[in-house]
Amino acid sequence: MQKLTRSILTLLVCTSCSTAALAKDVTVMISGGFKAALEKLAPEYEAQSGDKIILVSGPSMGKTPQAIPARLARGEQADVLIMVGDALTQLEKERWTQPGSRVELADSPIGMVVKQGAPKPVIKTDADLRNVLLQADSFAYSDSASGRYVSGQLFKKLGIEEQVKGKAHKVERIPVASEVAQGKYALGFQQVSEL
């Protein structure tokens with residue numbers, strides 16, 4: 001966490017110093033994976049720099065108006081983008097970012113969640129995970145990068161695309177864990193940092 005803390009603070013200091021007028025406000029568009037960490041780090045950065053961080057949250061991808069690409073397309077401005085790599089690559093291709101400014105911060109694994117008190121499924125192997133998904137009544141995945149992986153690659157890798165069509169649900173904007181906690185789905189998948 002300390003290395004990550006330094007990386008984010010360094011990124012913010014370098015980014016704020018590279019802006020044209022050393023703005024007093026640093027607008028950071030951020031997806032869920034790093035939001036909690038940045039909220040903890042913001043006071044330290046603000047104390048060191050004298051600048052104020054304005055957090056604008058939204059998914060890295062998807063069709064919701066809150067998604068970072070949609071915000072940029074509407075003309076919203078940001079000094080820093082902290083989001084999933086694939087979506088950032090697309091923004092780079094579309095020239096929404098300053099060339100050469102990208103900094104990789106971390107890899108974020110995908111986790112599975114069940115309702116508190118429910119038995120924890122064994123998912124040590126691909127076969128275990130395949131069986132758990134086939135036996136589950138329902139499960140949800142996020143509309144962000146983790147969900148794109150789950151629906152676009154994981155189901156195919158496990159050979160269960162057709163079998164799970166009626167019980168796999170994409171959840172937009174709302175944290176998947178909260179939907180599972182309310183009993184809407186038996187299982188949920190999202191980045192561990194967001195769960």
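Modeller: A residue is buried when its relative accessible area is under 20%, exposed when over 50%, and partly exposed in between, using a 1.4 Å probe and protein chains only. The model is predicted, so local features need pLDDT of at least 70 and side-chain atom pairs pLDDT 80 or more, while totals for chains, interfaces and linings use all residues. Residues are numbered from 1 along each chain as its sequence is written, and side-chain values use heavy atoms, without hydrogens or water.

The protein has 7 helices and 7 strands. Both are DSSP runs numbered from the N terminus: helices are H or I with at least four residues, strands are E with at least two. Along the sequence they follow the pattern α-β-α-β-α-β-α-β-α-β-α-β-α-β. Of the 195 residues, 39% are buried.

Now contacts, meaning heavy atoms within 4.5 Å. Take the contacts between residues at least 6 apart in sequence: 70% of them join residues at least 24 apart.

Next, the nonpolar cores. Such a core is a set of buried Ala, Val, Leu, Ile, Met, Phe, Trp, Tyr and Cys residues joined through side-chain atoms within 4.5 Å. The largest core has 15 residues, and Leu133, Phe139, Phe155 and Phe189 have the most contacts inside it. At least two core residues come from each of α5 (126–135), β5, α6 and β7. Helix α6 gives the largest share, 4 residues. There is also a second, separate core of 12 residues, with Met29, Met83, Leu88 and Leu91 among them.

Several of those names return as aromatic rings. Rings of Phe, Tyr and Trp (its six-membered ring) pair if their centres lie within 6.5 Å; planes under 30 degrees apart are stacked, over 60 edge-to-face, and the rest tilted. The structure holds 3 such pairs. One joins Phe139 and Phe189, edge-to-face, at 6.2 Å centre to centre and 85° between the planes. Phe139 sits in strand β5 (residues 139–142) and Phe189 in strand β7 (residues 187–191), so this pair ties together parts that are 50 residues apart in sequence. Both Phe139 and Phe189 are buried. Another pair is Tyr141 with Phe155, again edge-to-face, with 6.2 Å between centres and 80° between planes. Here Tyr141 is in β5 and Phe155 in helix α6 (residues 145–158), 14 residues apart, and the pair links distant parts of the chain. Tyr141 counts as buried because its relative accessibility is 11%. Phe155 is buried too, at 5%. Together, Phe139, Tyr141, Phe155 and Phe189 make one aromatic cluster.

Neighbours within four places in sequence aside, Phe189 is in contact with Ile110, Gly111, Met112, Leu129, Leu133, Phe139, Ala140, Tyr141, Ser142, Val150 and Val176.

Stay in strand β7 for Gln191. Its relative accessibility is 13%, so Gln191 counts as buried. Gln191 touches Gly33, Ser108, Pro109, Ile110 and Ser146, not counting residues up to four places away in sequence.

Two threonines are worth a stop. Thr64 lies in the loop between β2 (52–57) and α3 (68–73). At 4% relative accessibility, Thr64 is buried. Its touching partners are Pro59, Ala70, Asp143, Glu172 and Arg173, leaving out residues up to four places away in sequence. Thr64 and Asp143 are 79 residues apart along the chain, and their C-alpha atoms are separated by 9.4 Å. Thr27 belongs to strand β1 (residues 25–30). Thr27 has a relative accessible area of 16%, so it is buried. With residues up to four places away not counted, Thr27 touches Ile54, Val56, Gln77, Ala78, Asp79 and Val80.

Last, helix α2. The buried residues of α2 are Phe34, Ala37, Leu38, Leu41, Ala42 and Tyr45. An α-helix has 3.6 residues a turn, so residues three or four places apart point the same way. Just after α2, Gly50 takes a positive phi of about 85°.
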